Amino acid sequence: MHDDALVDQSSTDLAVTIGARVRQERQARGWTLDQLAASARVSRRLVINVEQGAANPSLGSLLRISDALGVGLPTLVAPPQPRQVKVTRHGDGVVLWNGKNGGRGVLVASAELPDVIGLWDWTLAPGDRHGSEAHRPGTVELLQVQYGTITVNVVDEAVILGPGDAASFPGDVAHDYANPGAQPAMFSMAVFQPDMDAGLQPEPASD
């Protein structure tokens, strides 16, 4: 099987997994499609397509849906592992972002306490940029550059980081990561989200 076919099959399997989880979480709360769409600030059509495994939603849309459901993003994308030690082998992380120049954002590990912690590997090709809207209130991000140079923009503050440099910043404001250099850059990132069960309610369904 060619590499492209493997990637296509992996994307299809992930879409089906996400769809089943979204539908399960929505139905467990007794929500309609309209309620979830309104609470997540996405279209009803997108929710339907996601639940049917027919959509490849953006990372931003997935975050809005997971926040609306009051669960961590890992709940939607990771297969269940009925063990205390959850292992992700090298190369088996969930790719949730692909940059236009070849970069990738990969979720490699997570824990729900009920606070949610996600560990990511990010690669930014030269010229790649990932912009992120504000996450759930209280979200904090920590990252360390493994190689290359990246620029982190948080609201109106820009910080340039090189190999070994680390930073922490609030994730509940607009932010982005960019590679302005001529060489690829890689960084590891941990994202902390406070208690996902804390009182999120859906918008009323439309008549």
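**Backbone, sheets, rings and a cavity in a predicted model**

Helix α2 is followed by Arg 41, whose phi is positive, near 60°. The structure is a predicted model, in which local features need pLDDT of at least 70 and side-chain atom pairs count only at pLDDT 80 or more, while totals for chains, interfaces and linings use all residues. Residues are numbered from 1 along each chain as its sequence is written, and side-chain values use heavy atoms, with hydrogens and water left out.

Most residues other than glycine have a negative phi. Arg 41 sits in the loop between α2 and α3 (44-51); helices here are DSSP runs of H or I with at least four residues, strands are runs of E with at least two, and both are numbered from the N terminus. With a relative accessible area of 60%, Arg 41 is exposed (buried means under 20% relative accessible area, exposed over 50%, and partly exposed in between, with a 1.4 Å probe and protein chains only). In helix α2 itself (residues 33-40), Leu 33, Gln 35, Leu 36, Ala 37 and Ala 40 are buried. An α-helix has 3.6 residues a turn, so residues three or four places apart point the same way. Val 155 also has a positive phi, about 55°, although it is not a glycine. The loop between β6 (150-154) and β7 (157-161) holds Val 155, and this residue is exposed at a relative accessible area of 59%.

Turning to the sheets, six strands form an open sheet in the order β1-β2-β3-β10-β5-β8, with antiparallel pairing; two strands pair if DSSP finds at least two bridges between them. The edges are taken by β1 (94-98) and β8 (166-170), each with a single partner strand, so one side of each has no neighbour in the sheet. On average, neighbouring strands of this sheet are turned by 25° against each other, direction ignored (axes are lines fitted to C-alpha atoms, for helices over the stretch in contact, and angles run from 0 to 180 degrees between N-to-C directions). Within this sheet, strand β5 (residues 140-147) and β10 pair in the antiparallel sense over seven bridges, and Glu 141 stands opposite Val 191 in β10.

An open sheet of four strands, also with antiparallel pairing, has the order β4-β9-β6-β7. Its edge strands are β4 and β7, each of which pairs on one side only. From one strand to the next, the twist averages 15°. Four bridges join β6 and β9 in the antiparallel sense, and Thr 151 has Ala 178 in β9 as its bridge partner.

How are the aromatic rings arranged? A search of the whole structure finds five aromatic pairs. Rings of Phe, Tyr and Trp (its six-membered ring) pair if their centres lie within 6.5 Å; planes under 30 degrees apart count as stacked, over 60 as edge-to-face and the rest as tilted. Trp 122 and Tyr 177 form a tilted pair, at 5.6 Å centre to centre and 55° between the planes. This pair links distant parts of the chain, with Trp 122 in strand β3 (residues 116-124) and Tyr 177 in strand β9 (residues 175-178), 55 residues apart. Trp 122 counts as buried at 1% relative accessibility, and Tyr 177 is buried with a relative accessible area of 1%. Trp 122 also forms a stacked pair with Phe 187, at 6.0 Å centre to centre and 0° between the planes. Here too distant parts of the chain are linked: Phe 187 lies in strand β10 (residues 185-193), 65 residues apart from Trp 122 in strand β3. Phe 187 is buried, with a relative accessible area of 0%. Ring pairs join Trp 97, Trp 120, Trp 122, Tyr 177 and Phe 187 into a cluster.

The count comes to one cavity of 30 Å³ or more, and about 200 Å³ of space lies in the largest cavity. On a 1 Å grid over the protein atoms alone, a cavity is a set of points where a 1.4 Å probe fits but cannot get out, and lining residues have an atom within 4 Å of a point. Grid points are joined across faces, edges and corners, and a volume is the space filled by probe spheres set on the points. The lining has 19 residues, of which Leu 63, Leu 73, Trp 120, His 135 and Val 191 lie nearest the centre of the largest cavity. Elements giving two or more residues to this lining are α4 (59-69), α5 (73-77), β3, β4 (129-132), β9 and β10. The largest share, five residues, comes from β3.

Terms used
1 Å grid on protein atoms, 1.4 Å probe; cavity = no way out; pocket = protein on both sides within 12 Å on 5 of 7 lines; lining within 4 Å.
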